[in-house]
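Subject: Structure handover

Hi,

Here is the structure I promised to pass on. Please open it alongside this message.

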Number of protein chains: 2
Amino acid sequence: MSSSRPRRTHDTDARPSRGIPEATVARLPVYLRALTALSERGIATASSEELARAAGVNSAKLRKDLSYLGSYGTRGVGYDVEYLRYQIAREIGLTQDWPVIIVGIGNLGHALANYSGFVSRGFGIVGLLDADPAKVGERVGDHVVRAYSELEDVVREYNVSIGIIATPASAAQEVCDRMVAAGITSVLNFAPVVLNVPPGVDVRKVDLSTELQILAYHEQRKALSARLTKVDGVPAERSSVAP
Amino acid sequence: MSSSRPRRTHDTDARPSRGIPEATVARLPVYLRALTALSERGIATASSEELARAAGVNSAKLRKDLSYLGSYGTRGVGYDVEYLRYQIAREIGLTQDWPVIIVGIGNLGHALANYSGFVSRGFGIVGLLDADPAKVGERVGDHVVRAYSELEDVVREYNVSIGIIATPASAAQEVCDRMVAAGITSVLNFAPVVLNVPPGVDVRKVDLSTELQILAYHEQRKALSARLTKVDGVPAERSSVAP
DNA sequence: TAGATTGTTAATCGATTAACAATC
DNA sequence: TAGATTGTTAATCGATTAACAATC
């Protein structure tokens, strides 16, 4: 993809904040959470082995991941929990607070609006919007639901770049288009549709029934191999015995 | 990992239902949804190109994915929407209904209990459980919240193998342990903790603030490259000019 | 110094993609 | 038959893992 783009031949920057692999980026929040948990338990230093256990990964992967950020550990000792926590938070961009809006204040929107995890992790809800006039004015958590028509005003007022879509599937694309037109460049989508966005806009999808379906696939296979084990005594592996 | 395990040398089974790559399994639900949408629009046949567009992937990937299931298309023509839909549903295991329970009926539990997407996609909620006596007996959607202590009863009665955890982080591991002890072998976890489970139990995690943090990371980088573009005119790419 | 643990290398594995022969 | 499109091959890319030299 970018193979035709020339590599930089000299780089005076000791900490390459560029080029962190996506798989690593997706794990940084997990490490951050593990470090916060260790910190709350009063633990000042942790080895890659301990940290990895807390994060549910193996230590080789953790060390490789952290190496993309820089050298924040001490050989023979481990990592300073607070220091590493700060470095990861800075890398992700959580040393600032991100204003977010939620569009669609149904059951899920309610749950998201009340979710304390957002605020505690560097995000601030600055607007709840719904197209249903019956919902406008309703109090949800610390907020009052505003009219969907005020989307542009809210985005401008708070300089919002992250939007959450919690509408029915039928409305999601139009909400997304309007968010993007208003200047939002990152979208977290809970509606079960594939959103089309212009280049430069990031979309992440949380799909509840997809997750269950993936589990169902594996359940089915467990049931299948259990049945085959009973029949011909071959565990786990599917056998192909000619009749 | 399994490189020491002997490969089957002969396989009389035309459709290898084994060995579908995880990345493919994770996309099958997306294809299923795209096919359902096409079906509802009255479209009987679709090419890999059309299907791929509806699913938000490229057509090479879609064809490769489908090839793991078998040869369900017709060269020169495309795929029969209904037929392919059925084949994918069967592969995932959605030709049967999966009973699920939800533990933790807070805001999120409410939202999940009311989410129609579960039922319409092959899952049936057979129990809502909460440890808070004040919540027991409460009506949520079609269900009445039962006491957490009844977990084993519900799992046995409905032969439940999939459990959803929507409790606070502090309770999640103990709920998970109890689910597993009761016979559940697949867990969908909404609590922001890493769950420890014995081998043979699958866990999938939906982590709301992790998703936002990943978006924040990319937002930060967009803001950074925009600023650098203004300063020295190098777009997108971070430059490392000596001062 | 001896012991411990990081940061990095290199091998391996799995996923993606383009291209095209097979075939409807 | 000619045109279209699948199913598969092979090349490429990115992620994971084990091993260990560097170093506290």
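First, some housekeeping. This is a predicted model, in which local features need pLDDT of at least 70 and side-chain atom pairs count only at pLDDT 80 or more, while totals for chains, interfaces and linings use all residues. Residues are numbered from 1 along each chain as its sequence is written, chains are lettered from A and ligands numbered from 1 in the order in which they are written, and side-chain values use heavy atoms, with hydrogens and water left out.

**Chain A overall**

Chain A has nine helices and 11 strands; these are DSSP runs numbered from the N terminus, with helices being H or I of at least four residues and strands being E of at least two. Of the 243 residues in chain A, 45% are buried (buried means under 20% relative accessible area, exposed over 50%, and partly exposed in between, with a 1.4 Å probe and protein chains only). If you take the contacts (heavy atoms within 4.5 Å) between residues at least 6 apart in the sequence of chain A, 55% join residues at least 24 apart. Chain A exposes about 12000 Å², and carbon and sulfur atoms supply 53% of that area. Accessible areas come from the Shrake-Rupley method with a 1.4 Å probe, and for residues only the protein chains shown count as cover.

**Helix α4 of chain B**

This helix covers residues 81-92, and its 12 residues should span 16 Å, taking 1.5 Å times one less than the number of residues. The end C-alpha atoms are 16 Å apart, which agrees. D80(B) caps the N-terminal end, with a side-chain oxygen 3.2 Å from the backbone nitrogen of E82(B). After the helix comes G93(B), with a positive phi near 105°. Buried residues of α4(B) include V81(B), L84(B) and I88(B), as well as Q87(B) and E91(B).

**The second largest pocket**

The volume of this pocket is about 810 Å³. Of the 34 residues lining the second largest pocket, the closest to its centre are L32(B), R33(B), A34(B), T36(B) and A37(B). Two or more lining residues each come from α9 (208-232) of chain A and from α1 (22-40), β1 (45-46), α2 (48-55) and α4 of chain B. The largest share, nine residues, comes from α1(B). A pocket here is an open set of points on a 1 Å grid over the protein atoms alone, where a 1.4 Å probe fits, with protein on both sides within 12 Å along at least five of seven lines; lining residues have an atom within 4 Å of a point. Grid points are joined across faces, edges and corners, and the volume is the space filled by probe spheres set on the points.

- T210(A) lies in helix α9 of chain A and is buried, with a relative accessible area of 7%. Leaving out residues up to four places away in sequence, T210(A) touches A26(B), P29(B) and R33(B).
- C176(A) sits in helix α8 (residues 169-182) of chain A and is buried at 0% relative accessible area. Beyond its neighbours within four places in sequence, C176(A) contacts I165(A), V187(A), L195(A), N196(A) and V197(A).
- S59(B) belongs to helix α3 (residues 59-69) of chain B and is buried at 12% relative accessible area. S59(B) is 12 residues from S47(B) in sequence and 8.9 Å from it in space, C-alpha to C-alpha.

Best wishes

Terms used. Polar contact = N/O pair within 3.5 Å; in protein donor to acceptor, adjacent residues only side chain to side chain.
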